[in-house]
Amino acid sequence: IQRTLILVKPDGVKRQLTGVILARIEAKGYTIAELKQVSATPQMLAEHYAEHEGKPFYQPLVDFMLSGPVVAIIAEGQNVITGFRSLAGTTDPTTAAPGTIRGDLGRDWGLKVQQNLVHGSDSEESAAREIGIWFA
Ligand code: ATP
């Protein structure tokens, strides 16, 4: 069965949307295999966001991810990787489709980084790598 790494980002935790987001994951039929609240370290984020190093939004993104606790989840299910990304919606919450987590719950915070509530792995390789970072 496929696994993916989901993060409720600091904006989602601060806005007390963790339960709502978990409910959507469970309602879709995915299983919560692991779940924990964690304060990310700069080292974890450097690994997690290695592909974005050097981009203009990189440092604001890392600072945002350090601004409060994150809820890390391993979810399981058939096609959960692409399925959760559909559930999350597109990156920018102001244009994400209604019915998605970002489309229904995400706001434009007017900052340099998209505070878009959740992260989901984008491939089996990313999922394995990211699970290793957050559930070492
Ligand atoms: P998705 O592509 O669905 O957003 P993702 O979360 O993996 O999935 P990435 O493209 O990997 O998105 O970017 C990681 C995060 O960096 C985004 O979720 C968002 O918070 C931030 N980000 C990405 N691109 C931009 C951008 N152009 N401006 C500001 N923030 C961005």
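## Strands and their pairing

In strand β3, Glu-34 has Ile-74 as its bridge partner. Two strands are called paired here if DSSP finds at least two bridges between them. Helices (H or I, at least four residues) and strands (E, at least two) are DSSP runs, numbered from the N terminus. A word on the source: this is a predicted model, in which local features need pLDDT of at least 70 and side-chain atom pairs count only at pLDDT 80 or more, while totals for chains, interfaces and linings use all residues. Residues are numbered from 1 along each chain as its sequence is written.

Ile-74 also stands opposite Leu-5, and Arg-3 stands opposite Glu-76 in β3. Strand β1 (residues 3-8) and β3 (residues 70-76) run antiparallel, with 6 bridges between them. β1 has 3 bridges to strand β4 (residues 118-120) as well, again antiparallel, and there Val-8 faces Val-118.

## Burial and the nonpolar core

How many residues of β3 are buried? The count is 6 of 7, leaving the strand mostly covered. Here, buried means that 20 or more other C-beta atoms lie within 10 Å of a residue's own, exposed means 12 or fewer, and partly exposed is in between, with C-beta atoms placed from the backbone. Strand β1 is largely enclosed by the rest of the structure, because 5 of its 6 residues are buried.

The largest nonpolar core has 28 residues, and Ile-6, Ala-75 and Val-118 have the most contacts inside it. At least two residues each come from β1, α2 (18-27), α4 (58-65), β3, α5, α6 and α7 (124-134). β3 gives the largest share, 6 residues. Such a core is a set of buried Ala, Val, Leu, Ile, Met, Phe, Trp, Tyr and Cys residues joined through C-beta atoms within 7 Å. Beyond four places in sequence, the contacts of Val-118 (C-beta atoms, placed from the backbone, within 7 Å) include Ile-6, Leu-7, Ile-21 and Ile-101.

## Around the ligand

Which residues surround the ligand? They are Phe-57, Leu-61, Arg-85, Thr-91, Val-113, Gln-114, Asn-116, His-119 and Asp-122, each counted as near if its C-beta atom, placed from the backbone, lies within 6 Å. This shell divides into 3 nonpolar, 4 polar and 2 charged residues. In that scheme Ala, Val, Leu, Ile, Met, Phe, Trp, Tyr, Cys and Pro count as nonpolar, Asp, Glu, Lys and Arg as charged, and the others, Gly among them, as polar.

The unreviewed UniProt entry annotates Lys-9, Phe-57, Arg-85, Thr-91, Arg-102 and Asn-116 as "binding site"; such annotations may be inferred rather than shown by experiment. Thr-91 sits in the loop between α5 (80-88) and α6 (101-105). Is Thr-91 buried or exposed? Thr-91 is exposed, because 11 other C-beta atoms lie within 10 Å. Apart from residues up to four places away in sequence, Thr-91 touches Gln-114 and Asn-116. Arg-102, in helix α6, counts as buried, with 22 C-beta neighbours inside 10 Å. Setting aside residues up to four places away, Arg-102 touches Asn-116 and Leu-117, among others.

## Glu-130 in helix α7

Helix α7 holds Glu-130, a residue that counts as buried because it has 23 C-beta neighbours inside 10 Å. Outside four places in sequence, Glu-130 is in contact with Leu-5, His-48 and Ser-121. Glu-130 and Leu-35 are 95 residues apart in sequence, and their C-alpha atoms are 14 Å apart in space.

Conventions: Contact = placed C-beta atoms within 7 Å.
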